[in-house]
Amino acid sequence: MRLKTSLLKEPKHILYLVSCVGWTTAEELYSCSDDHQLVKWNPVTNETTRVLKLPQDVYPIDLHWFPRGIAGKKQSQAESFVLTSSDGKFHLISKLGRVEKSVEAHCGAVLAGRWNYEGTALVTVGEDGQVKIWSKSGMLRSTLAQQGTPVYSVSWAPDSDKVLYTSGKQLIIKPLQPNVKVLQWKAHDGLILKTDWNSVNDLILSAGEDCRYKVWDSFGRVLYNSQPHEYPITSIAWALDGELFAVGSFNTLRLCDKTGWSYALEKPSTGSIFAISWSIDGTQLAGACGNGQVIFAHVVEQHWEWKNFTITLIKRRTMKVHNVINDAVDLLEFRDRVIKASLNYGYLVVSTSLQCYVFSTKNWNTPLIFDLKEGTVSLILQAERHFLLVDGGGLYLYSYEGRLISSPKYPGMRTDILNAQTVSLSNDTLAVKDKADEKVICIFEALSGKPLGDGKPLTHKTEIVEIALDQKGLTSERKIAFIDKNRDLFITSVKRFGKEQKIVKIGTMVQSLAWNDTSNILCGIQDSRFTVWYYPNTVYVDKDLLPKTLYEKDASEFSKTPQIVSFVGNEITIRRADGSLVHLHISPYPAILHGYVSTSRWEDGVRLCRFVKDQTLWACLAAMAVANKDMTTAEIAYAAIGEIDKVQYINSIKDLPSKESRLAHMLLFSGNTQEAETLLLQSGLVYQAIQVNINLYNWERALDLAVKHRTHVDTVLAYRQKFLEDFGKKETNQRFLQYAEGVSV
């Protein structure tokens with residue numbers, strides 16, 4: 001990926017530095033300079049028009065457009081902006097250049113002004129060290145903070161409930177509610193000049209006079225620390241979707257990944273770049289330069305890979321497809337510029353500013369094309385049978401034939417902050433992490449768009465950071481894996497009919513996870529190990545077996561905080577912290593075994609295990625056989641891994657007379673005592689139900705059942721008495737004493 005930059009031959013703001021820039025639409029930019037002029041640019045035609053001449057004593061410093069799409073009304077473009085200036089005022093100015101209001105805000109210059117995401121409040125900071133919150137119309141609501149040094153930069157938190165501002169070398173996050181803890185830490189060795197806080201990934205950027213830029217999480221932990229540059233870093237800004245950010249310095253423009261490593265470095269002759277603004281669709285950015293220029297840069301040469309295809313965006317409207325097997329090259333031309341694309345499951349889905357194209361990898365000549373409602377698509381997710389488009393207006397699920405299948409909705413839905421970690425799609429299910437309550441995952445039926453099952457979302461005890469649905473198998477067995485704030489990995493079933501399905505923890509300190517595209521194998525990087533869960537469902541079948549179904553490998557070669565990019569077939573692609581890709585291969589046999597089991601070819605499964613002679617594979621087969629209630633295979637597999645006690649128990653199950661009791665004992669084998677008891681009682685096998693509880697020493701429950709069904713009370717008491725005699729104890733339980741008086745044992 002790289003930046004394609006363009007500058008006009010003659011600067012428009014002659015001899016004066018440009019202090020601030022801001023996009024209204026993807027084709028229109030406003031810039032403001034020390035020559036007191038506000039200029040409108042069209043980067044496509046290179047036309048510029050002067051919108052407004054400010055008074056001679058007003059030097060502009062910062063500009064921020066009012067956010068689009070507020071209170072359900074989707075404006076296609078911003079209508080007004082705030083301009084802060086050196087005379088201690090901020091000005092609310094309309095798109096046409098009319099100054100609606102000027103407000104005295106600070107003593108000395110107002111160094112930055114930012115609207116919150118809802119457009120309900122404005123924060124300004126100044127040379128007087130004050131941080132002030134204003135209403136939409138420019139009335140002072142509160143002075144949030146006061147300090148002795150100037151505040152150079154300010155950003156809102158994603159929920160607009162906290163404000164991040166600078167204090168010399170320190171960064172401070174202050175909540176709007178009083179009496180809530182303030183977070184403060186030393187971030188740089190020099191003065192901090194610029195900050196930015198992204199609403200999608202919740203990460204913070206800071207840039208300083210120590211010539212470094214850094215990436216932080218919202219708890220103030222450093223995730224990336226750059227090498228020192230030659231000059232102080234004067235500007236830094238996130239692209240809206242939180243995947244990229246740009247860094248500006250003297251004659252320098254850098255494009256970086258959200259994890260910090262650099263994609264591209266440009267050395268334009270611009271002087272210092274004082275401000276960077278990304279267009280709404282994230283395809284281009286503009287920089288305000290010290291020599292009076294405005295630099296435009298387009299992001300080109302993104303890559304997408306899948307199996308034997310690599311696709312590159314070579315120009316704004318052209319993609320190159322390379323088939324590495326036969327070296328065939330195809331060029332795909334589009335009418336408008338490409339905004340997002342995704343390549344998976346044999347299809348390439350491309351969204352431009354107005355349309356969506358669906359190409360099959362078998363035929364690049366005849367794409368399916370349909371028009372988009374809203375425009376700026378922020379996320380494309382693919383499953384085998386359909387794909388999801390996310391834009392500012394909602395979630396839309398389309399089939400690969402271009403038919404709109406459903407458009408799921410939930411209360412308080414904010415689609416602008418969804419990314420691939422917080423949405424997951426499979427053939428029959430869509431899962432979305434709720435922003436209003438971070439502990440909740442909303443789960444929808446893909447085909448109808450309605451909430452799944454009884455409509456209750458999945459709730460966890462702590463905040464969830466990443467979710468992923470498995471891709472294969474029956475709808476009734478769909479599983480979701482998720483990582484919570486403590487970096488613990490959990491798995492649970494998606495279908496919940498009244499009964500609480502257990503949420504089971506299967507990993508700790510997990511950085512990143514991915515499901516395989518063709519079978520339900522999960523991989524993740526936990527702590528310093530790369531782990532593959534060949535059959536995660538084992539936790540519901542035989543929990544002790546789970547460690548035997550894992551593949552583990554030392555992950556120190558991936559450096560710290562690696563991310564899993566894809567898991568296709570038996571190849572896993574991991575991106576290291578320095579941006580390089582590492583390809584790993586895992587054994588192909590577990591996937592073959594999954595294939596056999598899904599078509600109930602148990603003999604083939606056993607034959608494969610005997611051929612491979614691998615304990616892990618036998619353990620997977622044992623768990624799969626128990627899950628599918630195939631006792632013969634389970635017995636062979638457990639014998640192969642030396643679990644003799646389980647082999648004996650399975651043998652005893654096979655000898656049971658009735659189908660119901662066999663089923664009940666299978667449930668007991670997997671540890672589902674409650675279900676086993678219910679099944680026995682429904683079949684009228686009361687004595688067996690009582691016996692099960694006696695064997696598990698659930699004395700109270702055994703007595704309850706006996707009394708309720710008026711049978712075998714004496715048996716329970718006899719077993720209880722023998723149990724107490726064996727341990728030389730006296731009966732102290734009142735209920736047993738009471739029944740013992742009335743019954744002769």
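I572 touches C523, F530, V532, I564, S566, F567, V582, H583, L584 and I586, leaving out residues up to four places away in sequence; touching, or contact, means heavy atoms within 4.5 Å. The model is predicted, so local features need pLDDT of at least 70 and side-chain atom pairs count only at pLDDT 80 or more, while totals for chains, interfaces and linings use all residues. Residues are numbered from 1 along each chain as its sequence is written, and side-chain values use heavy atoms, with hydrogens and water left out.

**Nonpolar cores**

- The largest nonpolar core has 45 residues, and those with the most contacts inside it are F530, I572, L593 and Y638.
- Helix 4 gives this core its largest share, 10 residues.
- Another core, of 19 residues, lies apart from it and includes L668, A689, V713 and F736.
- A nonpolar core is a set of buried Ala, Val, Leu, Ile, Met, Phe, Trp, Tyr and Cys residues joined through side-chain atoms within 4.5 Å.
- Buried means under 20% relative accessible area, exposed means over 50%, and partly exposed is in between (1.4 Å probe, protein chains only).
- In soluble globular proteins, nonpolar side chains tend to be buried together.

- Helices (H or I, at least four residues) and strands (E, at least two) are DSSP runs, numbered from the N terminus.
- T616 lies in helix 4, which covers residues 615-627.
- T616 counts as buried because its relative accessible area is 16%.
- Leaving aside neighbours within four places in sequence, T616 is in contact with Y534, K548, T549 and L550.
- In helix 7 (residues 659-669), the buried residues include S661, A664, H665 and L668.
- The buried residues of helix 7 pack against helix 1 (538-541), helix 4, helix 5 (631-640), helix 6 (644-654), helix 8 (673-682) and helix 9 (686-695).

- Four strands form an open sheet in the order 33-34-35-36, with antiparallel pairing; two strands pair if DSSP finds at least two bridges between them.
- Strand 33 (338-344) and strand 36 (363-371) are the edge strands, and each pairs on one side only.
- Strand 34 (residues 347-352) and strand 35 (residues 355-360) run antiparallel and are joined by five bridges.
- Y347 has S360 in strand 35 as its bridge partner.

**Domains**

- The domain assignment of the chain gives domain 1 (2-68 + 78-300), domain 2 (301-372) and domain 3 (656-744); these bounds come from an automatic or database domain assignment.
- The C-alpha centres of domain 1 and domain 3 lie 71 Å apart.
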